[in-house]
Amino acid sequence: MEMGSSTSPPRTVEDIFKDYSARRSAILRALTYDVDEFYGICDPEKENLCLYGHPNESWEVTLPAEEVPPELPEPALGINFARDGMNRKDWLSLVAVHSDCWLLSVSFYLGARLNRGERKRLFNMINEMPTVFEVVSEKKPIKDKSSAAESGSKAKGGTKRSSDGQVKSVQKPAEESYEDEDDEHGDTQCGSCGGNYNADEFWIGCDICERWYHGKCVKITPAKAESIKQYKCPSCMKRGRP
């Protein structure tokens with residue numbers, strides 16, 4: 001069983017991400033294109049089996065490594081036992097979730113000596129890709145809601161503020177819009193007209209009072225928002241607050 005001992009472990013962010021992508025592709029192949037073969041191999045009557053994805057993009061179902069501790073983190077043990085009593089789709093989703101955990105653990109094991117910035121860059125590169133679970137369960141990739149909230153974005157075509165206060169227009173593809181976005185911001189009301197939040201409209205937030213407004217109510221378009229470093233709503237402009 002190939003455990004990466006034939007070559008030196010990757011060390012740069014790019015090398016580790018390449019290793020992650022290859023292992024991910026291998027596991028995806030096992031759970032999609034080769035799923036019938038994979039399902040047949042995972043006989044509940046056999047011993048504890050693990051699903052491995054290798055850097056050459058091949059997959060393997062076999063017994064876990066005998067060495068203790070193993071050279072790399074080990075995937076979930078006994079996936080074949082879990083198959084007994086579960087319907088096929090649910091079982092494949094369960095294997096996919098465990099595979100995502102294993103892929104991340106291998107990447108950050110290999111990146112243990114990276115500095116903080118490099119680890120963050122590695123995670124961001126990985127996070128841009130759909131997880132194995134999302135692909136196998138046919139769920140659409142969804143961007144992290146917390147990052148969108150922290151940046152000040154509340155709608156498609158909303159506004160996003162960086163740490164220096166710069167306002168940027170955000171155009172989200174339809175497939176990456178949050179399905180529950182209306183529920184999340186349903187209590188948000190326009191500070192001008194009092195209308196409720198609607199994900200199909202452009203909104204902008206005041207950097208002074210932190211109230212939100214329809215772009216049309218304060219005569220701000222997404223294009224105009226691009227050039228605004230710090231937005232003050234009409235009320236704050238009248239009060240002359242710094």
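User: Are Phe38 and Trp91 buried or exposed?
Analyst: Both Phe38 and Trp91 are buried, where buried means under 20% relative accessible area, exposed over 50% and partly exposed in between, with a 1.4 Å probe and protein chains only. This is a predicted model, in which local features need pLDDT of at least 70 and side-chain atom pairs count only at pLDDT 80 or more, while totals for chains, interfaces and linings use all residues. Residues are numbered from 1 along each chain as its sequence is written, and side-chain values use heavy atoms, with hydrogens and water left out.

User: How many aromatic pairs does the structure hold?
Analyst: It holds five aromatic pairs. Rings of Phe, Tyr and Trp (its six-membered ring) pair if their centres lie within 6.5 Å; planes under 30 degrees apart count as stacked, over 60 as edge-to-face and the rest as tilted. One of the pairs is Phe38 with Trp91, which is stacked, at 5.4 Å centre to centre and 20° between the planes.

User: Which helices does that pair tie together?
Analyst: Phe38 lies in helix H2 (residues 35–41) and Trp91 in helix H4 (residues 88–110), so the pair ties together parts that are 53 residues apart in sequence. Helices (H or I, at least four residues) are DSSP runs, numbered from the N terminus.

User: And why is the pair of Tyr39 and Trp91 edge-to-face?
Analyst: The ring centres of Tyr39 and Trp91 are 5.5 Å apart and the planes stand at 85°, so this pair is edge-to-face. Tyr39 is partly exposed, with a relative accessible area of 22%, whereas Trp91 has a value of 0% and is buried.

User: Which residues form the aromatic cluster?
Analyst: One aromatic cluster is formed by Phe38, Tyr39, Trp59 and Trp91.

User: New topic: at what angle do H4 and H5 pack?
Analyst: H4 and H5 pack at about 155°, with their axes 11 Å apart. Axes are lines fitted to C-alpha atoms, for helices over the stretch in contact, and angles run from 0 to 180 degrees between N-to-C directions. H4 and H5 are therefore roughly antiparallel; angles over 145 degrees count as such, under 35 as roughly parallel, 65 to 115 as roughly perpendicular and the rest as oblique.

User: Which residues make that contact of H4 and H5?
Analyst: Leu104, Ser107 and Phe108 of H4 meet Arg119, Leu122, Phe123 and Ile126 of H5, where contact means heavy atoms within 4.5 Å.

User: How do the axes of H1 and H5 cross?
Analyst: The axes of H1 (residues 13–31) and H5 (residues 116–127) come within 10 Å and cross at roughly 30°. That makes H1 roughly parallel to H5.

Definitions and conventions
Helix = DSSP H or I, 4+ residues; strand = E, 2+ residues; numbered from the N terminus.
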